[in-house]
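Please read it alongside the model.

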There are 2 protein chains.
Amino acid sequence: MDLLLTYDVDTTTPEGARRLRRVAKLCEGYGLRVQKSVFEIVADEAGLLRLLASMDATIDADSDSIRIYRLPHNGLTSVETRGIAQLQSHRDDLVV
Amino acid sequence: MDLLLTYDVDTTTPEGARRLRRVAKLCEGYGLRVQKSVFEIVADEAGLLRLLASMDATIDADSDSIRIYRLPHNGLTSVETRGIAQLQSHRDDLVV
């Protein structure tokens, strides 16, 4: 399924800056970064559960915010983009 | 329809910082801010077109990035959240 993950990590402390780097690194293992704090992810339910478990172990639940949206089928191929934003290919069969 | 708008505005210049404020203000007229650069929006096609036209007139297309994702029906009510992230009510009939 196509997912969109967005995060706000409180970076007012050195620990926060460290968490931000860890959250980004974790997300890089699951999808493609499309903006500073936005990742497009293709995963199955098991992958999503693994990601959520790792996220729980990484963030500070009292100050950080993680949101994961389920997109429609192939929702990542029909994004309205403006400026330097570009569509990303997530599946090999989309590459011509 | 349920939309998710995310943006990265290049704030390395005073003009960029100004654009960032304008983009945020524009989005506030259409939806609810859920993270620093993420807005949840409920709009029809006409509203989306108006928003895109205003966005085109606001951003620097060579340095800013705007992405708008179409979510499934009621996609804003089934967001996976972690930490301080909370579900938002966008429709009056959802308020008990």
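The report covers the interface first, then the salt bridges.

**Ground rules.** This is a predicted model: local features need pLDDT of at least 70, side-chain atom pairs count only at pLDDT 80 or more, and totals for chains, interfaces and linings use all residues. Residues are numbered from 1 along each chain as its sequence is written, chains are lettered from A and ligands numbered from 1 in the order written, and side-chain values use heavy atoms, with hydrogens and water left out.

**Interface.** Chain A puts 37 residues into the contact, and chain B puts in 37 residues. Contact here means heavy atoms within 4.5 Å. The two chains bury about 3200 Å² between them, 52% of it on carbon and sulfur atoms. Buried area is the accessible area (1.4 Å probe) that two parts lose on being put together, summed over both. On the chain A side, Arg67(A), Glu80(A) and Arg82(A) lose the most area to chain B, together 22% of what that side buries.

The polar part of the interface holds 24 residue pairs in polar contact, both residues at pLDDT 80 or more. A polar contact is a pair of N or O atoms within 3.5 Å; within protein, one must be able to donate a hydrogen and the other to accept it, and residues adjacent in sequence count only if both atoms are side-chain atoms. Several elements of chain A give two or more residues to the side that touches chain B, among them strand S1 (2-8), helix H2 (45-56) and strand S4 (65-70). Helices (H or I, at least four residues) and strands (E, at least two) are DSSP runs, numbered from the N terminus. S4(A) gives the most, with six residues. By class, that side of chain A has 19 nonpolar, eight polar and 10 charged residues. Ala, Val, Leu, Ile, Met, Phe, Trp, Tyr, Cys and Pro count as nonpolar, Asp, Glu, Lys and Arg as charged, and the others, Gly among them, as polar.

Four bridges join S4(A) to strand S5 (residues 80-83) of chain B, and the two run antiparallel. Two strands pair if DSSP finds at least two bridges between them. Ile68(A) stands opposite Glu80(B) in S5(B).

**Salt bridges.** The whole structure has 16 salt bridges over all chains. Six salt bridges are counted between chain A and chain B. A salt bridge is a side-chain nitrogen of Lys or Arg within 4 Å of a carboxyl oxygen of Asp or Glu.

| Pair | N to O distance |
|---|---|
| Glu40(A) and Arg67(B) | 2.9 Å |
| Arg70(B) and Glu80(A) | 3.2 Å |
| Arg33(B) and Glu28(B) | 3.8 Å |
| Arg18(B) and Glu15(B) | 3.9 Å |

Take Arg70(B) and Glu80(A), which form a salt bridge. Arg70(B) lies in strand S4 (residues 65-70) of chain B and Glu80(A) in strand S5 of chain A, so the pair joins two chains. Arg70(B) is partly exposed at 27% relative accessible area. Glu80(A) is partly exposed at 21%. Buried means under 20% relative accessible area, exposed over 50%, partly exposed in between (1.4 Å probe, protein chains only).

Arg18(B) and Glu15(B) both lie in helix H1 (residues 14-28) of chain B, three residues apart, about one turn of the helix. Arg18(B) is partly exposed at 37%, and Glu15(B) is partly exposed at 43%.

In the remaining pair, Arg33(B) is partly exposed at 41%, and Glu28(B) is partly exposed at 46%. Elsewhere, salt bridges that share partners join Glu45(A), Asp56(A), Arg70(A), Glu80(B) and Arg82(B) into one network.
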